[in-house]
Amino acid sequence: MKKFFFLILVLPLMVQSQNWFPHGATWFYTYQEQQMFPAEGYTKYTVIKDTIVDSRPSKLIIKEVVRYNGTILPVNYLIVSEENSRVYYYTNNTFKLMYDFTLNVGDTLPIDISSNACDSVSPLVIDSIKNININGINLRVQYVKGIYYYAGTWQGLVDSFTIPIIEKVGSDYFYSSTENLIFNPVCAIGEAFVMNKLRCYNDSIISYKGGSYYNLNLGYSYPCDTLINGGVGIKESSKKENNIEAYPNPSSEFVTIKAVSTINKIEVYNSYGKLLYIFQPECSDFNVNIKSFPKGTYFFIIRCDNDFKHLNLIKI
């Protein structure tokens with residue numbers, strides 16, 4: 001009987017712990033650059049794998065950045081987790097809080113706040129809570145408020161900001177000093193050029209478009225991965241076919257990678273997002289020897305000219 005009750009208590013907790021990060025969920029944020037003309041690329045985050053970090057069920061997320069001119073930057077990885085309506089990100093070998101949907105109006109959200117852009121900033125307080133309906137699903141929205149202070153040339157300016165945080169989606173509108181997906185607000189005056197807002201979020205159930213300049217000024221009909229290059233006009237990012245193959249998968253000895261164009265680089269990461277190997281084949285057909293790899297899941301980033309593909313490989 002004790003064992004039965006244990007299962008009843010634990011299983012719902014495990015299911016709830018991943019409500020925020022279903023496999024395949026994607027976020028697109030504006031990657032804004034200060035040019036003499038409108039210049040916006042995008043940052044894309046994709047949930048790619050379940051993992052366990054410090055005995056906690058977590059998700060591995062890949063970060064991909066494409067500049068306004070189509071240049072692809074090196075990929076990066078994040079680890080996130082959710083427990084009992086509290087959302088965390090992993091940094092410096094510890095989990096730090098981002099969101100807490102157990103809080104009520106008037107409660108303080110105890111997170112790190114950067115005051116690099118001002119002299120001081122107050123703790124974030126839950127100012128109000130509302131509900132919205134997205135694709136037939138009712139989601140809570142917390143509005144968190146902070147007050148910041150500027151001295152010196154700003155002559156003691158005191159102002160405030162209010163940030164909406166949407167359940168399962170995250171923050172729609174904020175100044176971030178780190179990763180877009182990581183909620184780390186900073187104080188800033190006005191509509192800063194470097195504000196990188198949420199463009200859209202999608203998973204198998206929810207589809208949401210945010211309040212970025214990209215959406216509000218160009219219209220919501222543009223794809224999430226549109227590149228804005230005001231130097232040559234507004235254009236949509238090309239939908240290239242990733243004509244890249246990798247087989248066999250799973251494998252125990254070799255993985256053959258083929259592409260229709262030259263393979264410039266292959267990056268191999270472990271399940272924690274640590275870069276292990278770099279290969280530079282400069283050919284269209286390349287064998288990767290994985291005999292010495294410990295058994296487990298690895299992530300390959302395969303780059304061909306200005307295109308790339310990421311895939312999961314299982315070593316058996």
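Entry 1. The model I am reading is a predicted one. I then asked how many bridges join β1 to strand β13. The count is four, and the two strands run antiparallel. Strand β13 covers residues 198-202.

Entry 2. I turned to the pairing of β1 with strand β2, which spans residues 39-53. Seven bridges connect β1 and β2, again in the antiparallel sense. Within β2, Y42 is the residue that T30 stands opposite.

Entry 3. I asked whether strand β1 is largely enclosed or open, and why. The strand comprises residues 26-32, and five of these seven residues are buried, so β1 is largely enclosed by the rest of the structure. I noted as background that side chains in a regular strand alternate between the two faces of the sheet.

Entry 4. I searched for disulfides and recorded one in the structure. The disulfide joins C200 to C224, with an S to S distance of 2.0 Å. C200 lies in strand β13, while C224 belongs to the loop between α2 (213-218) and β15 (227-229), so the pair ties together parts that are 24 residues apart in sequence. For reference, a disulfide is a covalent bond between the sulfur atoms of two cysteines.

Entry 5. I next examined the surface and asked which residues make a nonpolar patch of about 270 Å². They are I147, Y149 and V158. I located Y149 in strand β10, which runs over residues 137-150.

Entry 6. The chain has 316 residues, of which 46% count as buried. Its accessible surface comes to about 15900 Å², and carbon and sulfur atoms account for 52% of that area. Among contacts between residues at least 6 apart in sequence, I recorded that 49% join residues at least 24 apart.

Methods. Residues are numbered from 1 along each chain as its sequence is written. This is a predicted model: local features need pLDDT of at least 70, side-chain atom pairs count only at pLDDT 80 or more; totals for chains, interfaces and linings use all residues. Side-chain values use heavy atoms; hydrogens and water are left out. Buried means under 20% relative accessible area, exposed over 50%, partly exposed in between (1.4 Å probe, protein chains only). Contact means heavy atoms within 4.5 Å. Accessible areas come from the Shrake-Rupley method with a 1.4 Å probe; for residues, only the protein chains shown count as cover. Patches are made of residues with over 30% relative accessible area and no salt bridge: like charges are joined within 9 Å, nonpolar side chains (Val, Leu, Ile, Met, Phe, Trp, Tyr) within 5 Å. A salt bridge is a side-chain nitrogen of Lys or Arg within 4 Å of a carboxyl oxygen of Asp or Glu. Two strands pair if DSSP finds at least two bridges between them. A disulfide is a pair of cysteine sulfur atoms within 2.5 Å.
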